[in-house]
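Subject: The structure you asked about

Hi there,

Here is the structure to open alongside this note.

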Amino acid sequence: MRRQGWRWLLIGVLGLLVTGCFAPHGPAFGDGSAVPEEASRVRLPVRPGPDGTWTVNSTQDGLLGQGRVLVRRENPDRRGWRLALPAEFALTSRRPGSAHSALVHDHEVVLVGGREGRRGPSAIAGLDMENGRLAWRLPVAPNSQVFLNVSGAASVLVADCRSGSCRLTGVNSRTGRRVWSRTELGAVKVLDSCRADAFTADPLSAFAHDHCRLYLVTHDHVATLDMDDGRPHGNPGLRVPRGDIDRITENGGRITLSTAPAKGTCHATVAAGPAGIPDGAEDLNWQRTFVWDQPQAPRDPRTGCRWDRTLPLLVGYSLVLPEAGSALVLNPYFGIRGQYSRRLAPGEYLTSDGRRMEIIHGPDRPDRAFDETDGPVRPDGLSPAARPLKGRFWQDGRRLLLLDREDRPLWEGTSDCQAFMHQGTGPGVFLTYCDGPDLVSLRPVHRD
């Protein structure tokens, strides 16, 4: 009897697996036949900024924030709310950790305040997500750096770096309680590999997603911070270049970092090496020093270089070194020690769209795919400013398009904001856009 029971249990489990694997799937944008149907229409809860985007747009948590308003959009699984923010915490900056910005990750939200006449953040505040209120406020020293990292006992780091040392304070993001505090002599700054200091344009969903760490930088080494107690752990196998370490990322057990271009000469160095303690394997450290020149960037008034630290250096699956004359494209793991490298033509630069396609832009010829086997970079009839969304949606200015697999229109509309995709209340991914005074969500359905 016991053997028969196990047999029937096994048959049941196999039946569930087969049903899950081979049962027909529901409609989905991008399947070639699904078309949009209006799932919801509400009054626009908070208007976007002049560029059509919000300072805070967390599709995972349903948050939209701009200026002095932060809202959570209601659905059957969560209660909606609208929070009027004090002027100190108005949301106007898209640089994470700067004054008037927000740090959002994994259902944790910390607002960074600022006050007129004061340099840097003035305070931080935690958001009570369920009740739509500020749960706590903690003042910070002028020019402090603020980071959100949910990997330890403390999830917020406040770094006050001055006169050759950094005072580090770990804070619990839910209670605002100080968990630990310590001073590190010789430190000059802290860098975040997953937000403002990363190599990627969208780091939390790209290379660095599984390696979100904070790094303490001195003049001659870079250490990984432990958010349980604030202690730095060295990376003795990493050879740190001379100069102002400005950006950092970690992937595949390797740290890659970049110095800021030097004032006047624009010399910069990109270097890579092993994270943690080397295992005795082949030394894969590499460094390359060059004259930094990004043709798509304006001249930085402080250095005199064409340099914009918000532009990505990891583009799609490539590492781009913006060398004067022509950019050098490398494998991001092996760098200059790898067998692969490619030079772009003078004035050209590389970008990546939402499909992870790498696109070459240049002054004298149309945009083209970096990988020549990828085909056209966008469907016929769309401008160079058109951007792809998921599920074969495209937005070109105010124009919204859903295309079939032959790039023929299945649906067309207009949006007064930058549309965005998100998980809907039913199966499939929804599209949300602005229709005049309304915020509209579309779900995929099959045609009758």
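Which residue lies over the face of tyrosine 333? In this model, which is a predicted one, that residue is arginine 254, placed 4.8 Å from the ring centre.

Next, the aromatic rings. In general, two such rings are described by how far apart their centres are and by the angle of their planes. The count here is six aromatic pairs. One of them joins phenylalanine 29 and phenylalanine 393 edge-to-face, with 4.9 Å from centre to centre and 80 degrees between the planes. This pair links distant parts of the chain, 364 residues apart: phenylalanine 29 is in the loop between helix 1 (2-22) and strand 1 (35-43), while phenylalanine 393 belongs to strand 30 (residues 393-396). Phenylalanine 29 counts as buried because its relative accessibility is 10%, under the 20% cut-off. Phenylalanine 393 is buried too, with a relative accessible area of 0%.

Phenylalanine 393 also pairs edge-to-face with tryptophan 411, at 6.1 Å between centres and 75 degrees between planes. Tryptophan 411 lies in strand 32 (residues 409-414) and phenylalanine 393 in strand 30, so this pair ties together parts 18 residues apart in sequence. Phe29, Phe393 and Trp411 form one aromatic cluster together with Tyr433.

Now for the charged pairs. As a general point, side chains of opposite charge can pair when their charged atoms come close. The model has 28 salt bridges, and three of them are described here.

- Arginine 41 and aspartate 435 have their closest N and O atoms 3.1 Å apart. Arginine 41 is in strand 1 and aspartate 435 in strand 34 (residues 429-435), so the bridge ties together parts 394 residues apart in sequence. Arginine 41 is partly exposed at 36% relative accessibility, and aspartate 435 is partly exposed at 30%.
- Aspartate 51 and arginine 94 form a salt bridge with 3.7 Å between the closest N and O atoms. Aspartate 51 sits in the loop between strand 1 and strand 2 (56-58), and arginine 94 in the loop between strand 5 (81-84) and strand 6 (101-105), so parts 43 residues apart in sequence are tied together. Aspartate 51 is exposed, with a relative accessible area of 52%, whereas arginine 94 is partly exposed at 42%.
- Arginine 309 and aspartate 197 form a salt bridge with their closest N and O atoms 3.1 Å apart. The pair ties together parts 112 residues apart in sequence. Both arginine 309 and aspartate 197 are buried.

Salt bridges with shared partners also join Glu38, Arg41, Asp435 and Asp438 into one network.

How many cavities of 30 Å³ or more does the structure hold? There is one, and the volume of the largest cavity is about 100 Å³. Its lining is made up of 13 residues, and those nearest the centre are Gln294, Gln296, Val320, Pro322 and Tyr349. Sorted by class, nine of the lining residues are nonpolar, two are polar and two are charged.

I hope this helps you find your way around on screen.

Best wishes

Conventions
Residues numbered from 1 in each chain as written. Predicted model: local features only at pLDDT ≥ 70, side-chain atom pairs only at ≥ 80, totals over all residues. Heavy atoms only, no water. Phe/Tyr/Trp six-rings, centres within 6.5 Å; stacked < 30°, edge-to-face > 60°. Helix = DSSP H or I, 4+ residues; strand = E, 2+ residues; numbered from the N terminus. Buried < 20%, exposed > 50% of the residue type's maximum accessible area, 1.4 Å probe, protein only. Lys NZ or Arg CZ within 6 Å of the ring centre and 35° of its normal. 1 Å grid on protein atoms, 1.4 Å probe; cavity = no way out; pocket = protein on both sides within 12 Å on 5 of 7 lines; lining within 4 Å. Points joined across faces, edges and corners; volume = space filled by probe spheres on them. Nonpolar A, V, L, I, M, F, W, Y, C, P; charged D, E, K, R; others polar. Salt bridge = Lys/Arg side-chain N within 4 Å of Asp/Glu carboxyl O.
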